[in-house]
Protein chains: 2
Amino acid sequence: MAGFDAATALEAHGGGRYAGQLDPAWQIAGKPNGGYLLSVLGRAALAEVGAGYPHPLVASAHYVAPPEPGSVELTVQVLRLGRRTAQTRVSLATAAGLCVEALMTCGHLDPAEPFFDGVEPAELPPEKACPRLPVEGPGFLVPLMGVLSERLDPATMGWAVGKPSGRGELRGWLRFDDGREPDPLALLTVVDALPPATFDLGVTGWVPTLELSCHVRAVPAPGALVVRQRARHVAGGRVDEVCDVWDAAGRLVATGHQLAGVRHP
Amino acid sequence: MAGFDAATALEAHGGGRYAGQLDPAWQIAGKPNGGYLLSVLGRAALAEVGAGYPHPLVASAHYVAPPEPGSVELTVQVLRLGRRTAQTRVSLATAAGLCVEALMTCGHLDPAEPFFDGVEPAELPPEKACPRLPVEGPGFLVPLMGVLSERLDPATMGWAVGKPSGRGELRGWLRFDDGREPDPLALLTVVDALPPATFDLGVTGWVPTLELSCHVRAVPAPGALVVRQRARHVAGGRVDEVCDVWDAAGRLVATGHQLAGVRHP
C-alpha cells in the first residue's frame with residue numbers, strides 16, 4: 001500500500017515513454033480507480049511537457065480495459081507546445097494491451113479570484129460529524145478507502161442502510177490518509193473518488209467509467225476538500241455524473257464529468 | 001454554403017484515413033465552429049467502426065489549431081471493438097498540421113425512457129416568440145447563423161443591447177436551416193452552437209474552445225431542439241460551460257461540457 005505520490009511515481013525511459021507500478025491500494029472491487037489512473041497519466045504528461053506547463057488544466061480519458069495492479073507503460077505524444085498551454089495525448093498499457101487513452105492540456109493556473117461562480121455551493125456538516133467510508137463496500141472491497149479519508153454527509157448516506165434519498169447526490173470531506181496535501185495532479189483522482197451517485201438512487205451495482213473529463217480550475221489550498229458527486233441523468237444503461245470539488249478556503253478547484261455504465265431497472 | 005450533411009461529408013481512403021472539405025458557412029468570426037469539427041470527426045469514427053456501432057455515445061476533443069476552410073485529412077485509430085461499444089481516436093489535420101484530436105466511443109443508444117432525470121428543465125417562450133440570431137454578431141460575422149436557425153429566449157438576449165442579465169445563461173430553439181432533422185451525429189455540433197454563455201455576463205470577446213466533451217443520451221425526435229448553455233465558473237482566463245439539449249418530445253438528448261479561454265475583468 002502506497003501513498004498518492006508513491007502510487008503514481010514514474011520512471012522516465014526517454015522518447016515520451018514512462019514506466020510505473022499500479023498500486024493495489026488504489027482499487028475498488030478489484031479494479032483500479034479511474035481517477036487514480038488519470039493522475040498517473042497526468043504525471044506522465046506533466047513530466048514530458050516540463051516545468052513551463054506545471055498544471056493539468058483539462059484532461060479527457062476514455063477507459064478501454066481495466067489494468068491489473070503492477071507494471072504499466074505510459075506513452076506521451078506532445079501534440080503542441082503553445083505559448084500558454086501544452087497539449088498532449090497519453091496512453092497507459094500493460095503487457096495485455098491498451099488500458100486508458102487520454103488527451104491532456106497543461107499550463108499554468110492563475111491564483112486570481114474567480115470573476116463569476118455559478119456553481120451552487122455544497123452544504124454539509126463539519127468533517128468530524130460525517131462518518132468515514134469503510135474499506136468494506138456494499139458487497140465488495142474498496143481498498144481506496146484505506147488511502148483516502150472520505151467522510152460523507154449522513155444525509156447522503158441513506159443508501160448504506162437501504163434508504164437512498166432518491167436525489168442522486170453524495171457529498172463529503174476528502175483527505176489523503178498519508179497527510180499529503182491536495183494539488184492539481186491529485187484533483188484528477190478526487191473527481192472520481194466518491195462512490196457512484198447512483199447509490200443514492202437505489203442502484204448499487206458496479207459503475208464502470210467510460211469517459212472522464214476533468215477541468216482543474218485552481219491550485220487547492222491545504223486542508224480537507226469538499227466533494228459533491230451528482231447524477232444528472234440515468235438512461236439506456238448509462239449515467240452522467242458531475243463532480244465538483246472545493247478546497248478548504250471554499251474555492252471551486254476542479255470539476256469532473258463522466259459517462260459511466262450502470263445497471264438500472 | 002452547404003447543409004450539415006454536405007459540410008461533413010467524407011471520402012474514405014482506406015486504412016482509417018478520410019478526406020473532407022470544411023465549409024466556410026460553418027464558421028464564427030473566421031474560425032470553424034468547434035462543434036462542427038466534432039461532427040466531422042464523429043462521421044469518420046462512425047464510418048470506421050461500422051454499422052454495429054451506429055451512434056456516437058461520448059466524444060472528447062482537444063483543439064490544437066483552427067483549420068482554414070477547405071481540404072482536411074482525418075485519421076481514425078480503433079482502440080477497441082467491444083461487445084457493446086467501440087472506442088476510437090480521431091485526428092483532423094490540414095497541410096499546416098494537426099488541428100483537432102478527439103477520443104470517441106460509439107455504440108447503440110437505447111430508446112427506453114430515462115430511469116432518472118436530475119437535469120433542471122429549460123423554460124422558454126414558444127419558438128416563434130424568440131428572435132433569430134443574425135449572421136452579424138457583436139463585432140464579427142457568424143456565418144453559422146446562416147445554416148442554423150437559433151431563436152433565443154428574449155430574456156437571455158439582454159447582452160445584444162448592452163444589458164446582460166449577469167446569470168450566465170442562454171437558451172433557445174435550434175433547427176438546421178436546410179430542414180434536416182437532428183440525429184446523434186448532429187448533436188455533436190449542437191452542444192457547441194449557441195453563443196458563449198459569457199455574453200450574458202457582459203464579457204463579449206472571442207471564447208476559443210480548449211476542450212469539448214459531448215455525452216449523447218438519446219436519438220432525438222424530429223423537430224426543433226431546445227438548447228441551454230450555462231457558464232458555470234469563470235476564473236483565470238477560462239470558463240467552463242455546460243450545454244444541455246432536449247428534443248421536441250422534451251427528452252434530454254445530449255450534454256456538452258467545455259473549457260474555453262475568455263478575456264474577463
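1. The hairpin of S13(A) and S14(A) has two residues between its strands, and Gly236(A) in this hairpin takes a positive phi near 60 degrees. The model discussed here is a predicted one. Strand S13 (residues 225-235) of chain A runs antiparallel to S14(A), and nine bridges join the two. Within this pairing, Val234(A) stands opposite Val239(A) of S14(A).

2. On its other pairing, S14(A) is joined by nine bridges to strand S15 (residues 252-261) of chain A, again in the antiparallel sense. One pair of facing residues is Val245(A) and Ala254(A), the latter in S15(A). These two strands also form a hairpin, here with five residues between them, and Gly250(A) in the turn has a positive phi of about 85 degrees.

3. How many residues of strand S14 of chain A are buried? Nine of the nine residues of this strand (residues 238-246) are buried, so the strand is largely enclosed by the rest of the structure. Arg238(A), Asp240(A), Val242(A), Asp244(A) and Trp246(A) point one way from S14(A), while Val239(A), Glu241(A), Cys243(A) and Val245(A) point the other way. The buried residues of this strand thus include charged side chains on either face, among them Arg238(A) and Glu241(A).

4. In chain B, strand S15 (residues 252-261) is mostly covered, with nine of its ten residues buried. Strand S12 (residues 209-216) of chain B pairs with S15(B) in the antiparallel sense over seven bridges, and strand S14 (residues 238-246) of chain B is joined to S15(B) by nine bridges, also antiparallel. Thr255(B) takes part in both pairings: His215(B) stands opposite Thr255(B), and Thr255(B) is likewise the bridge partner of Asp244(B). The hairpin of S14(B) and S15(B) has five residues between the strands, and Gly250(B) in its turn has a positive phi of about 85 degrees.

5. Helix H2 (residues 34-49) of chain A has 16 residues, which at 1.5 Å a residue should span 22 Å; the end C-alpha atoms are 23 Å apart, in agreement with that expectation. Of the 16 residues of H2(A), 15 are buried, so the helix is largely enclosed by the rest of the structure. Gly50(A) follows H2(A) and has a positive phi, near 85 degrees.

6. Gly50(B) comes after H2(B), with a positive phi near 90 degrees.

7. Which residues touch the most other members of the largest nonpolar core? They are Leu41(A) and Leu41(B), in a core of 170 residues. Leaving aside neighbours within four places in sequence, Leu41(A) is in contact with Ala61(A), Leu74(A), Val90(A), Leu92(A), Val100(A), Ala102(A) and Met104(A). In soluble globular proteins, nonpolar side chains tend to be buried together.

8. The contact between the chains takes 45 residues from chain A and 45 residues from chain B. On the side of chain A that touches chain B, the elements giving two or more residues include strand S5 (55-63), strand S6 (70-81), strand S7 (86-94) and strand S8 (97-107) of chain A. S13(A) gives the most to this side, with six residues. The residues of this side divide into 21 nonpolar, 14 polar and ten charged.

9. Strand pairing also crosses between the chains: S9(A) and strand S13 (residues 225-235) of chain B pair in the antiparallel sense over two bridges. Phe116(A) has Val234(B), in S13(B), as its bridge partner.

10. A rotation of 180 degrees with 0.0 Å of shift along its axis superposes chain A on chain B, with an RMSD of 0.0 Å. The two copies are thus related as by a two-fold rotation axis. Among the residues of chain A, Ser60(A) comes closest to this axis, at 3.1 Å (C-alpha). Of the interface residues of chain A, 100% are also interface residues in chain B, so the copies meet through the same surface.

11. The C-alpha atoms of Gly82(A) and Tyr53(A) are separated by 9.7 Å, the two residues being 29 residues apart along the chain.

Definitions and conventions: Residues numbered from 1 in each chain as written. Chains lettered and ligands numbered in written order. Predicted model: local features only at pLDDT ≥ 70, side-chain atom pairs only at ≥ 80, totals over all residues. Buried ≥ 20, exposed ≤ 12 C-beta atoms within 10 Å, placed from the backbone. Helix = DSSP H or I, 4+ residues; strand = E, 2+ residues; numbered from the N terminus. Pairing = 2+ DSSP bridges. Contact = placed C-beta atoms within 7 Å. Least-squares fit on C-alpha atoms with pLDDT ≥ 70 in both. Core = buried A, V, L, I, M, F, W, Y, C linked by C-beta atoms within 7 Å. Expected span 1.5 Å × (residues − 1).
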